[in-house]
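User: I have some questions about the terms used for this structure. Please set each term against its definition.
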Amino acid sequence: MKKTLKIKDMHCSSCEILLKEAIEETGTKVVSTNHTKGEIVVDMKDEKEMVPVKKAIEKEGYSVA
Amino acid sequence: MTHTIELPIRNVSCEACEKVIGRILRKFSHAKIESVSADAQTLTFTCEEKDTDTIKAKLREYNYLDEEKDSRPHFSYIAHQVIANTPGFEAEHQLLTHTLGLAGLLFLTLGLSYMAWFSQNELFIKIWPVLALVPLGIALNAGSLIHVRHLRHHFNCTNGMMAGMTIGMMSGFMSGAILGATNGMFVGSIIGMAIGMSASAYAVRKAGIMGILEGLMAGLMAGTMGAMLSVMMLSDNLMAFLYLLFGACTLILGGMSYFIVKEIGPIQDERKNVGFIPLAIISVLVLLIFLALIVWGPKSSLAWGSL
């Protein structure tokens, strides 16, 4: 299932690269990133994947709205 | 072996950018960031020499490498490439060796001329420091002129104007000053002007009318100015002035060649070879004409008498 995550303080292409790599390291696939909208679309098998994804995002200094 | 290099970067504005660059470098052993300046848009890092190109390719892939600035290397880099005859700079290396060889040949010609014609002439002894500048001036201007000629087809309006002006001004100034010092204002101005104007027009011909016009104006101005300054300094430190002038002109001509390589790149076209023989014949003829003018030209004794 595809899920859109609203990310706070994502403002440039580097943020997109950083978060994409961090999320994919958890095993979740990133479908698209858009720093102007502050959105990342991920493809998850189930809701359980949200926990490590959120952790990975927060580890990089961002937060999920 | 590791080394530290500085690269021009772009799109680096925040901590995230630095983190991404850090991640790129972490993939290479011994590679680490030394500093990232968002203001100066420069990245300094240490890495193994063999990894440099791969790291640059990675930075390029992430759109961090400022291609335009990176492709415009510094003076020391270009000078090293030319002197070391690095692939891609063979024509410039050949031009440099030809210019040095030409200077040697012209000094030899001057020495032979002295033995053949001038050794009995007391006035020659008085003006030998001026004569020693002539081979240097001819070799420098010939080398620069050929460099411009080889790349003139690639000039835009600004490059053409800059090259035309530099060649016109330097050749006009040098010849005007030498002939002004030895032959007075009239001969110095006329010949300085003619040399400056014709050298610049020949150098940037087919590079656009603006370059030609700029060169003609510069030649006219420098030819007369060089002669005028020399005549005005006949009762002052003329010799010191001439040597300082030639030193400054040498720096400017070197700067122009650097500017051309930086803006356009090395000589790449089919006319890579710089023929030494025609260059040497023309330069020796120019030297002999200069010597003849200095020794037998009008007003020469008047000017010499004041040296």
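Analyst: Chain A has two helices and four strands. Their order along the sequence is β-α-β-β-α-β. The model is predicted.

User: What makes S1 and S3 of chain A a strand pair?

Analyst: Two strands count as paired if at least two bridges are found between them. Strand S1 (residues 2–8) of chain A is joined to S3(A) by five bridges. The pair therefore meets the criterion, and it is antiparallel. Lys6(A) stands opposite Glu39(A) of S3(A).

User: How do you know that S2(A) also pairs with S3(A)?

Analyst: Apply the same test. Strand S2 (residues 29–34) of chain A and S3(A) share five bridges, in the antiparallel sense. At least two are needed, so the two strands pair. Thr33(A) has Ile40(A) as its bridge partner in S3(A). Four residues lie between the strands in this hairpin, where Gly38(A) takes a positive phi near 70°.

User: Why is S3(A) called largely enclosed?

Analyst: A residue is buried when its relative accessible area is under 20%. In strand S3 (residues 39–43) of chain A, four of the five residues are buried, so the rest of the structure largely encloses the strand. For the whole chain, 42% of the 65 residues of chain A count as buried. The accessible surface of chain A is about 3800 Å², with 49% of it from carbon and sulfur atoms.

User: In chain B, which strands are called edge strands, and why?

Analyst: The open sheet has three strands in the order S1-S3-S2 (chain B), with antiparallel pairing. Strand S1 (2–8) and strand S2 (32–37) of chain B each pair on one side only, which makes them the edge strands. The twist from one strand to the next averages 15°. Between S1(B) and strand S3 (residues 42–48) of chain B there are seven antiparallel bridges. Thr2(B) stands opposite Glu48(B) in S3(B).

User: Where do helices H1 and H2 of chain B lie on the sheet?

Analyst: Helix H1 (residues 15–26) of chain B lies across S2 and S3 of chain B, at about 155° to S2(B). Helix H2 (residues 52–61) of chain B touches S1 and S3 of chain B, and its direction makes about 140° with that of S3(B).

User: What makes the set of 43 residues a nonpolar core?

Analyst: Members must be buried nonpolar residues joined through side-chain atoms within 4.5 Å. The largest such set has 43 residues. Among those with the most contacts inside it are Leu102(B), Leu131(B) and Ile294(B). Helices that each supply at least two of its residues include helix H5 (90–118) and helix H8 (157–204) of chain B. A second, separate core has 39 residues, including Ile17(A) and Phe28(B).

User: Which residues does Leu102(B) touch beyond four places away in sequence?

Analyst: Leu102(B) touches Ala139(B), Ala142(B), Phe276(B), Leu279(B), Ala280(B) and Ser283(B). Contact here means heavy atoms within 4.5 Å.

User: How do you know that the span of H9(B) is close to that expected?

Analyst: The expected span is 1.5 Å times one less than the number of residues. H9(B) has 24 residues, for which 34 Å is expected. From its first C-alpha to its last, H9(B) reaches 34 Å, close to that value. Buried residues of H9(B) include Gly211(B), Ile212(B) and Ala218(B). The buried residues of this helix pack against H8 and H10 of chain B.

Notes
Residues are numbered from 1 along each chain as its sequence is written. Chains are lettered from A and ligands numbered from 1 in the order in which they are written. This is a predicted model: local features need pLDDT of at least 70, side-chain atom pairs count only at pLDDT 80 or more; totals for chains, interfaces and linings use all residues. Side-chain values use heavy atoms; hydrogens and water are left out. Axes are lines fitted to C-alpha atoms, for helices over the stretch in contact, and angles run from 0 to 180 degrees between N-to-C directions. Buried means under 20% relative accessible area, exposed over 50%, partly exposed in between (1.4 Å probe, protein chains only). Accessible areas come from the Shrake-Rupley method with a 1.4 Å probe; for residues, only the protein chains shown count as cover.
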